[in-house]
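Here is a friendly note to keep beside you as you look around. Please have the sequence and the model open together, and take the points in order.

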Amino acid sequence: VPKFRQAVLQFDDEEEDKGESVMYQLQRMFAHLQESERMFYDPKQFTVALKDMGEPTNVMVQKDASEYLGNLFQQMENQIQGTPSEKLIKNVFGGQTCNELY
């Protein structure tokens, strides 16, 4: 999603430990995939930063896509809270639920 990628790349990450910063590692991945001539990216550092139950993500354990995405968004929201990018995820992926009665 181009709008999401652009917002992530523009985020000013102030975390001291970049190795543990989900936003920084996501920025590295997006920048590499966008600017590099290589057709691949090794996500090892991203999987270390993205925690699952407090531990680095184990790539050998299969996860449901919605569970994985929910975990990613939760960690991103925790890191961007209180910054100008605070509503990044809501602005790009947010929506409204509507129930109609017939």
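1. **Terms and basis.** A helix here is a DSSP run of H or I with at least four residues, a strand is a DSSP run of E with at least two, and both are numbered from the N terminus. The expected span of a helix is 1.5 Å times one less than its number of residues. The model is a predicted one, in which local features need pLDDT of at least 70, side-chain atom pairs count only at pLDDT 80 or more, and totals for chains, interfaces and linings use all residues. Residues are numbered from 1 along each chain as its sequence is written, and side-chain values use heavy atoms, with hydrogens and water left out.

2. **The overall picture.** The protein has five helices and two strands, and from the N terminus on they follow the order α-α-α-β-β-α-α. Taken along the principal axes, its C-alpha atoms fill a box of roughly 50 × 30 × 30 Å. Of the 102 residues, 26% count as buried; buried means under 20% relative accessible area, exposed means over 50%, and partly exposed is in between, using a 1.4 Å probe and protein chains only. A contact means heavy atoms within 4.5 Å. Among contacts with a separation of 6 or more, 46% join residues 24 or more positions apart.

3. **Helix 4.** Please look next at residues 65-80, which form helix 4. This helix has 16 residues and reaches 22 Å from its first C-alpha to its last, close to the 22 Å expected. Which residues of helix 4 are buried? They are L72, F73, Q75, M76, Q79 and I80. They cover an arc of only 165° around the axis, so they sit on the same side of helix 4; the arc is that of the directions from the helix axis to the C-beta atoms. The buried residues of helix 4 pack against helix 1 (2-10), helix 2 (22-35), helix 3 (44-49), strand 1 (51-52) and helix 5 (88-93). Just after helix 4, G82 takes a positive phi of about 80°.

4. **Helix 2.** Helix 2 has 14 residues, and its reach from first C-alpha to last is 20 Å, close to the 20 Å expected. Its buried residues are V22, M23, Q25, L26, Q27, M29, F30 and H32. What do they pack against? Their partners are helix 1, helix 3 and helix 4.

5. **D52 and N71.** Leaving aside neighbours within four places in sequence, D52 is in contact with T57, K63 and N71. For a sense of spacing, the C-alpha atoms of D52 and S66 are 14 residues apart along the chain and separated by 14 Å. Those of N71 and V61 are 10 residues apart along the chain and separated by 15 Å.

6. **M53.** Is M53 buried or exposed? At 80% relative accessibility, M53 counts as exposed. It is found in the loop between strand 1 and strand 2 (55-56). Do check its backbone too: M53 has a positive phi of about 60° although it is not a glycine.

7. A pocket is found on a 1 Å grid over the protein atoms alone, as an open set of points where a 1.4 Å probe fits, with protein on both sides within 12 Å along at least five of seven lines; lining residues have an atom within 4 Å of a point. The largest pocket holds about 160 Å³ of space, where grid points are joined across faces, edges and corners and a volume is the space filled by probe spheres set on the points. Its lining consists of Q10, F11, D12, D13, E14, E15, Q79, T83, P84 and S85. These divide into two nonpolar, four polar and four charged residues; Ala, Val, Leu, Ile, Met, Phe, Trp, Tyr, Cys and Pro count as nonpolar, Asp, Glu, Lys and Arg as charged, and the others, Gly among them, as polar. S85 is found in the loop between helix 4 and helix 5. S85 and F11 are 74 residues apart in sequence and 6.8 Å apart in space, C-alpha to C-alpha. Not counting residues up to four places away in sequence, S85 touches F11 and I80.
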